[in-house]
Amino acid sequence: MSAKAVRNLNVQYIATTLSVSCLVAMSGASTVLAQEELNALVWCDHTDTALLEPFETANNVKVNVKEYEGTGAALSIIDQSRPGDWDVLVIDGIDVPRAVEEGILGEIPADALPTADFFPEVVMADNNTLDGKTYAITEKYGYNTISFDKTKVDPEDMKDMANIWSDKYMGRIAIYDYYLPVIGLTALSAGIDTADITEENMPDIRERLLAMKSASKLVGDVVSSQTALATGEVDILVGGGEWVTAVLSAEKPDLDWVIPEQGGLRWSQSIGVMADSDKQELALAFVQYITSPEAQAKLATSSCYWGMPANKLAEEHLSAEQKMALRWDDQAQYLSNSQLYPAPDIDLDDLMQDVWTEMLQN
Amino acid sequence: MNADVSGNDDPRSAWFYVVPALLWTMAFFVVPFAFMAATSFASLVRRKITYTWDLGNYLEFFDKPYLLKGLFVSLEITLAVTFISVVLAYPLAWIIAERVPKRLQRAVLILAILPFWTSYVVRSYSWLLLFSSNGVINNALMGSGIISEPLQLASTTSATIIGFVHFFVMLLTLTIYSNLVQLSPNYKRAAMDLGANTFQTFWHVILPLTLPGIMVGAFLTFVLCIGDYITPQILGGNNELVLPQIIMLQLGRRADIPAAASMSIILMLVVTAVYLLCLRWLKMERT
Amino acid sequence: MLRHRLLSLFSWTYLIAMFGFILLPVAVLVLFSFQDGTLPIPPFNGFTLKWYAEVFADQKLMAALQNSLSVAFGSSLLACLLGFFAAYGLSRYRLPASALQRVLLMAPMTVSYLIIALGLLVVFNWSGIRLSLWTVGIGHVVINLPLCFAIIYASMGDHQKNTERAARDLGANGFQVLYLITAPMLMPSILAAFFLSLTFSWDEFIISFLLSRFDVTLPVEIWSLLRSGLNPKTNAIGSLVFLLSMILLLVLETLVFRRRSKP
């Protein structure tokens with residue numbers, strides 16, 4: 001009986017300890033509630049602590065970031081949220097007009113923004129302003145083109161996109177799993193400008209896409225396409241660019257990328273303040289911080305993916321190697337030979353996603 | 001379940017104990033399920049969920065071959081995984097129960113399910129590392145001269161299946177082992193006394209007796225496998241999508257909850273059908 | 001005799017081969033967490049602890065670790081509590097439709113996590129409840145409640161009933177009986193249920209992924225870490241999770257099962 005009593009005591013002791021530790025753990029979770037918070041809906045390159053922390057400390061605020069993939073998803077998240085849920089939005093530059101028309105982004109004072117220090121080509125006033133009012137500012141850009149291993153692939157071949165469909169590289173290709181740039185690249189290879197993609201020429205693009213899929217080994221997100229390229233699983237990545245090779249540049253110097261004759265896709269991200277945010281000032285301060293040279297350098301070399309900063313002054317905060325990996329000095333040439341992402345309306349977007357799912361499944 | 005009406009406790013207070021759990025299950029399982037079922041008949045109109053009460057999502061699923069294919073890929077992978085896992089796990093469980101000395105069994109069993117305690121996401125990822133062209137498996141095979149060119153292992157349906165089998169072999173070894181040790185040794189002794197050899201004893205006595213246990217384990221494998229997203233997403237290289245991947249695409253790329261809901265309902269109907277089949281089969285076995 | 005030898009040889013070969021298959025991913029995972037270089041693939045360049053240092057320096061990972069612990073402990077505790085009460089009520093009293101009640105309580109076990117998560121997502125969306133760690137916790141209680149109920153219900157036998165009756169005859173009220181007699185007697189299975197829930201909640205991905213907003217649990221954080229590239233840091237965090245789980249397993253082994261096996 002006494003052994004039993006000891007056992008029960010022990011058990012009660014354990015139970016008490018457990019419940020106390022639960023309470024401690026749970027109270028820990030709720031202590032941060034008092035601080036002011038800023039909610040941002042972003043691409044994954046805005047989630048690094050190193051990027052957010054200086055702003056958080058300077059303004060004594062907690063920046064909450066939620067990452068999304070693709071404008072369609074972001075807009076749906078916003079539609080399904082309540083007004084005031086989001087303060088800052090990072091969105092593909094090409095989709096800013098859409099967001100403005102739907103009343104999602106609010107006006108921001110143009111004179112508060114450092115666009116004078118930007119690469120002129122990426123200011124993209126056509127997209128970021130409407131009727132003379134500024135709604136967003138470009139913060140980062142880069143290219144979706146062809147990445148490859150130059151020791152295994154003839155670099156000359158990569159200058160002509162038609163070679164992707166040739167038998168020579170059959171089964172040595174990976175496709176980046178994001179429908180907009182890859183559909184855009186496919187359109188370019190067919191001589192269709194990204195701005196001219198319509199429901200009429202989608203069947204042609206679909207054919208080419210399916211053919212490319214059958215020549216490829218995998219369709220992967222950032223990590224699996226990177227892994228495949230780094231391990232030699234594949235030699236070519238369609239939709240790749242500096243954002244995938246730059247991170248690996250130190251360890252895998254043989255990885256290269258090129259903008260083919262047919263042209264490449266230029267992606268750009270804009271950042272803006274939500275129209276119904278009740279923290280307009282703080283949100284604007286965050287936009288200003290992100291476009292400042294220091295934050296721009298951090299954003300350019302984020303752990304999720306790299307990309308060129310929109311602000312030229314970020315140069316001072318980047319090392320020579322980083323600039324090399326970003327191809328800082330070749331930008332003039334690249335900018336002239338690249339087109340923007342397709343900007344589909346809802347119906348075309350639906351169609352593109354359907355084609356994409358079909359491609360994945362075949 | 002005998003009633004306890006002795007003592008001074010009012011039996012009506014029994015409700016007090018049961019109601020919280022029932023309420024919880026109603027509020028966070030039954031009601032959400034009903035909502036999801038209702039939402040599967042809605043549609044996304046200009047990105048807002050609109051209750052149109054039609055079969056649009058279901059018709060679209062059966063109308064588009066690449067969506068419907070997801071169901072078949074799911075079934076194919078899940079059936080293969082369930083079959084291979086049972087076939088691999090049964091001998092392992094049997095060897096642990098019959099051949100390994102009693103005092104070591106517990107330790108061996110814990111060793112057999114050790115990877116169960118690594119993070120599920122990370123475990124799939126480590127298979128990715130193993131499968132890659134200059135990963136451990138290809139390096140070992142090429143080093144030993146078995147192959148000269150690296151095998152295409154990563155980003156295939158086979159990779160998904162191997163990743164799954166790894167997990168479910170652990171699970172099934174555990175269930176089958178506990179079934180085997182619960183068998184009374186008398187059965188075996190009786191069979192041996194009647195002149196049966198080890199194989200005959202196993203085939204005619206042990207196997208039929210453990211069959212219901214296997215079926216339960218296999219069904220569990222089926223349910224967990226067909227609903228999983230992580231393993232095919234990490235290992236399958238987006239080459240053939242399973243249904244949960246297509247559901248997650250609906251959610252991640254366009255936040256289309258109604259379409260995702262309708263596919264989930266279809267997934268659940270499939271699981272229910274398999275459950276009923278298992279039940280029927282088990283009943284037939286018994287008679 | 002020869003046949004016996006052959007069978008024995010086959011058995012051991014099979015055992016070793018299967019153990020190779022089962023343990024290989026863990027071995028590789030742990031080995032390459034010490035990789036000196038940025039890619040966790042062969043060749044093994046040398047031994048370093050820097051990836052572990054990076055894991056501990058990563059505030060987001062550490063926050064996710066704490067979130068995971070909170071959610072796992074909180075949801076397991078609630079699931080055990082609800083499960084224990086329900087098991088007590090259903091095994092000690094004759095209630096109308098008790099079979100139906102048991103089926104209802106067990107039902108979430110037969111449904112994919114993805115479906116449970118999606119259902120909750122629809123309801124939270126509709127009712128305007130913001131997603132947070134609390135909603136993740138709710139989801140985890142839903143999946144663990146059937147488990148806790150089943151384990152505790154199965155261990156409620158008649159021998160405790162006599163002790164309970166004796167206590168009642170001595171004037172203890174319902175709560176006192178529950179707290180002083182039933183709960184301590186059932187503590188091994190309650191703890192088993194608790195620790196099992198803990199394991200499930202700790203490693204659960206899809207519910208945590210779909211029902212969280214800003215604060216995420218560890219598996220979700222690892223998932224987004226994975227999305228940003230191949231990295232021995234992922235191996236390091238995986239190995240650490242493994243170590244933590246082993247410690248938990250050891251605690252469970254010595255506190256619960258060791259005790260239960262002794263009379």
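In the predicted model described here, strand β11 of chain A and strand β13 (residues 338-340) of chain A pair in the parallel sense over three bridges, where strands are DSSP runs of E of at least two residues, helices are runs of H or I of at least four residues, and both are numbered from the N terminus. Two strands are said to pair if DSSP finds at least two bridges between them. The model is a prediction in which local features need pLDDT of at least 70 and side-chain atom pairs count only at pLDDT 80 or more, whereas totals for chains, interfaces and linings use all residues. Residues are numbered from 1 along each chain as its sequence is written, and chains are lettered from A, with ligands numbered from 1, in the order in which they are written.

Strand β11(A) also has antiparallel partners. Strand β6 (residues 137-149) of chain A runs antiparallel to β11(A) and is joined to it by seven bridges, with Tyr143(A) bridged to Arg266(A) of β11(A). Strand β3 (residues 88-92) of chain A likewise pairs with β11(A) in the antiparallel sense, over five bridges, and here Val88(A) has Val273(A) as its partner. Strand β11(A), which spans residues 264-273, has ten of its ten residues buried, a residue being buried if 20 or more other C-beta atoms, placed from the backbone, lie within 10 Å of its own, exposed if 12 or fewer do, and partly exposed in between. Both faces of the strand are covered, with Arg266(A) among the buried residues on one side and Trp267(A) among those on the other.

Chain A as a whole contains 15 helices and 13 strands, and 49% of its 362 residues are buried. The chain is divided into domain 1 (33-141 + 268-328) and domain 2 (142-265 + 340-360), bounds that come from an automatic or database domain assignment. The C-alpha centres of these two domains of chain A lie 26 Å apart. The contact between them takes twelve residues from domain 1 of chain A and twelve from domain 2 of chain A, two residues being in contact if their C-beta atoms, placed from the backbone, lie within 7 Å.

Between chains, the contact of chain B with chain A takes 24 residues from chain B and 26 residues from chain A. On the side of chain B that touches chain A, the largest share, five residues, comes from α11(B). By class, this side of chain B has seven nonpolar, ten polar and seven charged residues, where Ala, Val, Leu, Ile, Met, Phe, Trp, Tyr, Cys and Pro count as nonpolar, Asp, Glu, Lys and Arg as charged, and the others, Gly among them, as polar. The contact between chains C and B takes 73 residues from chain C and 66 residues from chain B. Helix α1(C) gives the most to the side of chain C that touches chain B, with 14 residues, and the residues of that side divide into 53 nonpolar, 13 polar and seven charged.

The largest nonpolar core has 265 residues, of which Val238(A), Ala117(C) and Ile152(C) touch the most other members; such a core is a set of buried Ala, Val, Leu, Ile, Met, Phe, Trp, Tyr and Cys residues joined through C-beta atoms within 7 Å. Its largest share, 16 residues, comes from α3(C). Leaving aside neighbours within four places in sequence, Ala117(C) is in contact with Gly139(C), Ile206(C), Ile207(C), Leu210(C) and Leu211(C).
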